[in-house]
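Biologist: Could you take a close look at one part of this model for me, and then show me how the rest is arranged? I would like the cut-offs behind each term as you go.

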Amino acid sequence: MKEKVRNSSVAGIDLGTGFSELAILDDTGRPTIIPNLDGEFKTPSVVYVASQLAEIVIGTAALGMGVIHPERVITQCKRDVGTNKVYFTENGISVTSEWAQAEILKYLRASAIKHTGDDQAASRAVITVPAYFKENQRQSVQRSAEIAGIEVMGLINEPTAAGLSHGLVEKQGDRLVLIVDFGQGTFDCSLVSFGGGNATVIASHGDNQLGGKDVDDTLLRLVLEQFDTQHSLHITPESHPADWFQIWQQVVRQKERLSACSLVKVCARVDGKQIMLELTRDTLAEQIHNLLERAERVIDEVIANGKVDPKEITHVLLIGGSSRLTPFQELIRRKFGQERIHGGNVSPDLAVAEGAAIKAAKVVLSSGGTVVDCSLRAIPAPAISTTDVMPHSLGVSVQDPVSLIETCSSILEKNQPLPCNASRQFGSVKDDQRVFVVSVLQGEEGQLTKDCLVVGQRQIELPPRPPGQPSLEVRMGYDTSGMVNVRFRDLVSGVHETITVNFFNE
Ligand SMILES: Nc1ncnc2c1ncn2[C@@H]1O[C@H](COP(=O)(O)OP(=O)(O)OP(=O)(O)O)[C@@H](O)[C@H]1O
Ligand SMILES: [Mg+2]
């Protein structure tokens, strides 16, 4: 029987560093952002945790608590996804980014249930992740969703989602689009070719430590320096937690105003001492010069990896709240010219969640299901497909027989279109070697194993063979649903072993 799915039950979620959004398709089949329990379309990705877990508060209300209890407010936890960082421990529970992201997801789901009146609202979702998120980070996002009671229909790369919401897939005509997402915590860039109903990601690259947060930190430093020089008052998050938090919030507000006004003033008073810092767009440009250089390097690398002539790029799509920074817009204008730049009629902050909602409907439709309550006419046809690329290289660990140093021997190179597979042959290292450890690594050719991420491991016992000669074959495949298949074949005895590493990708 064909599956009938209510449009409110499948959602698209952008789990951002600064803000998170949830979208569903409305009754006309258009993606629409659901207001949260506070009536806002963007939920600050902020979690306040009271002592003993007595209260958990999400969003703007949590940000407000920062003035009184900054040490209990978790902000920008997306930057810690995939690490073991524990913010604090309460009632035996380690509060980590995975836990905090789960709380944000629970809140978004509760908002969708309240707004739609459907108790199954957002029970399934496509969640967006930065294109270069590593496998362990993708798995962590998936676990957060499971904790929040949301079935993950797929993870989709943020720039790909933005491309979907701009309707670039559906429009006629081939186009080569550079999608640039300058958010709060991450800078993400993808080169996507749209045409014939397909979106093909040619190359992706990003800097997961570059975003609006870094602009804030730079400006905050200027303000704190003024306190130091004018009043010999040294303010740190430790010495003045609440004041520091308020100044930080003020800096963010004034930075954002600077994209509409040519001059803003940051005013702050601490311990009866006050400062006023005037900021112009020129000062901003000077101050964030090095951040913009990093952004430019990412863009250049994507174009180089995609092996295209920059002149062939037909559109540059700017998304993410920080793409409103005037010095950044100038940089893009200088590089590509005004005519190619598109922000379009889609809000740069909401495009990613909207694209994820379109993808969620596509997942239902492509498996033969229907989305009820929606006018199907308006939903993009299921035949439209998206092709992504390997977000990073995968290989196995090999040991040098002389130096015994272990390095990565890569098998699947990054930026290859999915699905892909390749094999490589290896020899044993020692005489009479019987035990072989196959460590599947996320890493580049020649990178030290200790610097790579081990994503799967298997120990295999085989008959001995002469060392040095190629006698073992490792074949690796990566499919479009993010499954990595590793097949290990002994070329001497013909023994096979398969390691399946279940990654959740697009
Ligand atoms: N007018 C503006 N001028 C400059 N920066 C702005 C403006 N409006 C929003 N921002 C910045 O945009 C950032 C939030 O953007 P966005 O919501 O796209 O990020 P995010 O999706 O939460 O983060 P990420 O995609 O990095 O995980 C914040 O740093 C915010 O200060
Ligand atoms: Mg974002």
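Modeller: Happy to! The largest nonpolar core holds 124 residues, and those with the most contacts inside it are Ala11, Ile13, Ala125, Ile127, Ala356 and Ala357. Helix 10 (residues 351-366) gives the largest share of this core, 9 residues. A nonpolar core here is a set of buried Ala, Val, Leu, Ile, Met, Phe, Trp, Tyr and Cys residues joined through C-beta atoms within 7 Å. Buried means that 20 or more other C-beta atoms lie within 10 Å of a residue's own, exposed means 12 or fewer, and partly exposed is in between, with C-beta atoms placed from the backbone. A contact is a pair of residues whose C-beta atoms, placed in that way, lie within 7 Å. Helices (H or I, at least four residues) and strands (E, at least two) are DSSP runs numbered from the N terminus.

Please keep in mind that this is a predicted model, in which local features need pLDDT of at least 70 and side-chain atom pairs count only at pLDDT 80 or more, while totals for chains, interfaces and linings use all residues. Residues are numbered from 1 along each chain as its sequence is written, and chains are lettered from A and ligands numbered from 1 in the order in which they are written.

Leaving out residues up to four places away in sequence, alanine 125 touches Val10, Ala11, Gly12, Ile13, Ala145, Ile150, Val152, Met153 and Ala360.

Now to the part I would zoom in on, strand 14 (residues 187-195). Of its 9 residues, 8 are buried, so strand 14 is mostly covered. Strand 14 pairs with strand 13 (residues 175-182) in the antiparallel sense over 8 bridges, where pairing requires that DSSP finds at least two bridges between two strands. These two strands form a hairpin with 4 residues between them. Along this pairing, arginine 175 stands opposite phenylalanine 194, and isoleucine 179 stands opposite serine 190. Strand 14 also pairs with strand 15 (residues 198-207), again antiparallel, over 9 bridges. There, serine 190 has serine 204 opposite it.

Strand 13 has a further partner: strand 18 (residues 315-319) pairs with it in the parallel sense over 5 bridges. In that pairing, isoleucine 179 faces leucine 317. Strand 13 is largely enclosed by the rest of the structure, because 6 of its 8 residues are buried.

For context, the protein has 10 helices and 29 strands. Helix 4 (residues 158-165) is largely enclosed too, because 8 of its 8 residues are buried; among them are Glu158, Pro159, Thr160 and Leu164.

The protein is divided into domain 1 (4-166 + 346-385), domain 2 (212-287) and domain 3 (394-502), with bounds that come from an automatic or database domain assignment. The centres of domain 2 and domain 3, over C-alpha atoms, lie 51 Å apart.

Helix 5 (residues 212-231) includes phenylalanine 227, which counts as buried because 23 other C-beta atoms lie within 10 Å. Beyond four places in sequence, phenylalanine 227 is in contact with Leu233, Ile235, Val270, Lys273 and Ile275. Phenylalanine 227 and isoleucine 275 are 48 residues apart in sequence, yet their C-alpha atoms are 6.6 Å apart.

Aspartate 479 counts as partly exposed because it has 14 C-beta neighbours inside 10 Å. It touches Leu418 and Pro419, not counting residues up to four places away. Its C-alpha lies 29 Å from that of phenylalanine 182, 297 residues away along the chain.

Stepping back, 44% of the 506 residues are buried. The C-alpha trace spans about 80 × 60 × 55 Å along its principal axes.

Lastly, confidence. pLDDT is the predictor's confidence in each residue, from 0 to 100. Its mean here is 87, with 91% of residues at 70 or more. Over residues 375-384 pLDDT stays under 50, and the model has 26 contacts beyond four places in sequence for them. Where pLDDT is low, the predicted coordinates should not be read in detail.

Note on methods
Contact = placed C-beta atoms within 7 Å.
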